[in-house]
Amino acid sequence: MTTDGIILVTGGSRGIGAATAIMLAERGYRVVVTDIKPERPAEAAASVIVWPDSFDVAREDNVSAGVEAIEKTHGPIIGLVNAAGVFGKMHSLDRIRMENWDREVNIDLRGTFLVARAVGVRMAARKHGAIVNVASVAGMTSGPIHAYTAAKAGVIQLTLSMAGEWGRAGVRVNAVSPGFTRTVALQAGIDSGAMSEERLTRNAAMGRLVQPNEVAEAIVWLLSPASSAVTGINIPVDAGFLAGSTWDSYWGLPDSDGKIHGKT
Ligand SMILES: NC(=O)c1ccc[n+]([C@@H]2O[C@H](COP(=O)([O-])OP(=O)(O)OC[C@H]3O[C@@H](n4cnc5c(N)ncnc54)[C@H](O)[C@@H]3O)[C@@H](O)[C@H]2O)c1
């Protein structure tokens, strides 16, 4: 990627988007963050530009007008990070309220599509660009967050089809799938007792949460020339959640000394 343009990070005021914006700026990229609630990410260098208008990824008019105005003000978007998202609410199938279903699918899937399309079409016309969609290991597994898992599986699939459509136009499209990641929001959930760290880490091979900057490292790599032949892939950054989550059916994951507690 040349440095002749900007990297746009949606949902960049907090969490994984903020960590990515900060890392990109530290590595010399020009970064513009957008958010539905625009705020300067904590600890961000002054060089990170915060787009002052609310940018709701689920609203088509917001996205098309916002992308146009951002390019007019700050120059061509050469890299896009689709980090805006909301978590899934846990419900059994019979208790899912359709307004929750619509909210999660609209922001996580429709929003990712709207921004990737608006930016990708411009990149394809310029024959240059890289897009990274933030999906989730939830999109590759099963859980009582039915709209969220479907939306994230959709993001992984969309990544593949966009990579196919724009490959010859010089636009790479990839995804990262974080496991449970210690953002401020997740930490607040643990601190309040609404979430259990033991439960969140029990099935991760590495026995821990992911840090936001570990997800950012993968995103930055996918945006950089170091991944110039990579398109259409999905990189889990999950501390081994996918690798470890089936072990409980056997004798469970060994502890750090190799001891197997569930062995009979
Ligand atoms: N933290 C995790 O454990 C985890 C795990 C897997 C995937 N993810 C995914 O990573 C992405 C970032 O999540 P996070 O953990 O950093 O969450 P977060 O809540 O810390 O940050 C999300 C940001 O997106 C913004 N946002 C929400 N709705 C928006 C909208 N309609 N338009 C624009 N911005 C909007 C929020 O204001 C916030 O700043 C999400 O797509 C999430 O699903 C997170």
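Predicted model: local features only at pLDDT ≥ 70, side-chain atom pairs only at ≥ 80, totals over all residues.
α1 runs over residues 15-26. At 1.5 Å a residue, its 12 residues should span 16 Å, and the end C-alpha atoms lie 17 Å apart, so the two values agree. Of these 12 residues, 10 are buried, and α1 is thus mostly covered. The buried stretch reads Ile-16, Gly-17, Ala-18, Ala-19, Thr-20, Ala-21, Ile-22, Met-23, Leu-24 and Ala-25. In an α-helix, residues three or four places apart point the same way, because there are 3.6 residues a turn. In α1 the buried residues include Ala-18, Ala-19, Thr-20 and Ala-21. After the helix comes Gly-28, with a positive phi near 95°.

Now turn to β1. Five of its five residues are buried. Side chains in a regular strand alternate between the two faces of the sheet. In β1, Ile-6, Leu-8 and Thr-10 lie on one side. Ile-7 and Val-9 lie on the other. Both faces are covered, and every one of these residues is buried.

Next, the partners of β1. β1 pairs with β2 in the parallel sense, over five bridges. β1 also pairs with β4, again parallel and over five bridges. Thr-10 can be followed into both neighbours. Its bridge partner in β2 is Thr-34. In β4, the bridge partner of Thr-10 is Asn-82.

Most residues other than glycine have a negative phi. Glu-43 sits in the loop between β2 and β3 (49-50). Is Glu-43 buried or exposed? Its relative accessible area is 78%, so Glu-43 is exposed, the cut-off being over 50%.

Ala-239 also has a positive phi, about 50°, and is not a glycine. Ala-239 belongs to the loop between β7 (234-237) and α8 (241-244). Its relative accessibility is 10%, so Ala-239 counts as buried, the limit being under 20%.

Technical notes. Residues numbered from 1 in each chain as written. Heavy atoms only, no water. Helix = DSSP H or I, 4+ residues; strand = E, 2+ residues; numbered from the N terminus. Expected span 1.5 Å × (residues − 1). Buried < 20%, exposed > 50% of the residue type's maximum accessible area, 1.4 Å probe, protein only. Pairing = 2+ DSSP bridges.
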